[in-house]
Amino acid sequence: APTMCRVARARGSLQPSDLLGQRVRLCGLSGRADLNGQIGTVRSFDAQKLRHAVQLDTGEGARVADGWHGSGPPILVRQSNLEMVELGTAATAAARRDEMLRAERY
């Protein structure tokens, strides 16, 4: 059974625009349960479908027409199936290391 997302309970009052550009983890999906636990970035909000378009770190869920890089159609997800990713994760630390290495080269 899909697990409940913390964001649904803890931050149910978030507006769709609050999530744009935010790092999120997909959770509680039943139709695409294979994507539960995947991390990505919210790129836009589809007001007609009431879904956020998420680009996964794997590159899945990106449309070149929107200026994104990746493959496949957008992954549209309800806000209740998104969990905010805390800052200070290993990925953030890795990005900081990469930035420092680039700075040392120039």
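Predicted model: local features only at pLDDT ≥ 70, side-chain atom pairs only at ≥ 80, totals over all residues.

Biologist: Great. In what order do the strands of the sheet come?

Modeller: The order is 4-3-2-1-5, with 5 strands making an open sheet and antiparallel pairing. From one strand to the next, the twist averages 50°.

Biologist: How many bridges join strand 1 to strand 5?

Modeller: There are 3, and the two strands run antiparallel.

Biologist: How many residues of strand 3 are buried?

Modeller: 5 of its 6 residues are buried, so strand 3 (residues 51-56) is mostly covered. On to its pairing with strand 4: that is antiparallel over 3 bridges, and His52 has Val77 as its bridge partner in strand 4.

Biologist: Switching to Thr41: is it buried or exposed?

Modeller: Thr41 counts as buried because its relative accessibility is 10%, and the cut-off for buried is under 20%. Thr41 lies in strand 2 (residues 39-46).

Biologist: What does the Thr41 side chain make a polar contact with?

Modeller: With the side chain of Arg23, at 3.2 Å. Beyond its sequence neighbours within four places, Thr41 also touches other residues, including Gly21, Ala53 and Val54.

Biologist: Which residue forms a salt bridge with Arg23?

Modeller: Asp57, with the closest N and O atoms 2.7 Å apart. The two are 34 residues apart in the chain: Asp57 is in the loop between strand 3 and strand 4, and Arg23 is in strand 1. Asp57 is partly exposed at 48% relative accessible area, and Arg23 is partly exposed at 29%.

Biologist: How many salt bridges are there in the whole structure?

Modeller: The search finds 4. Another is Glu83 with Arg25, at 3.1 Å from N to O. That pair links strand 5 to strand 1, 58 residues apart. Glu83 is buried at 8%, whereas Arg25 is partly exposed at 25%.

Biologist: Which residues are linked in a network of salt bridges?

Modeller: Arg32, Asp34 and Glu60. Within that group, the side chains of Glu60 and Arg32 meet at 3.4 Å, N to O.

Terms used. Residues numbered from 1 in each chain as written. Heavy atoms only, no water. Pairing = 2+ DSSP bridges. Helix = DSSP H or I, 4+ residues; strand = E, 2+ residues; numbered from the N terminus. Axes fitted to C-alpha atoms, helices over the stretch in contact; angles between N-to-C directions. Buried < 20%, exposed > 50% of the residue type's maximum accessible area, 1.4 Å probe, protein only. Polar contact = N/O pair within 3.5 Å; in protein donor to acceptor, adjacent residues only side chain to side chain. Contact = heavy atoms within 4.5 Å.
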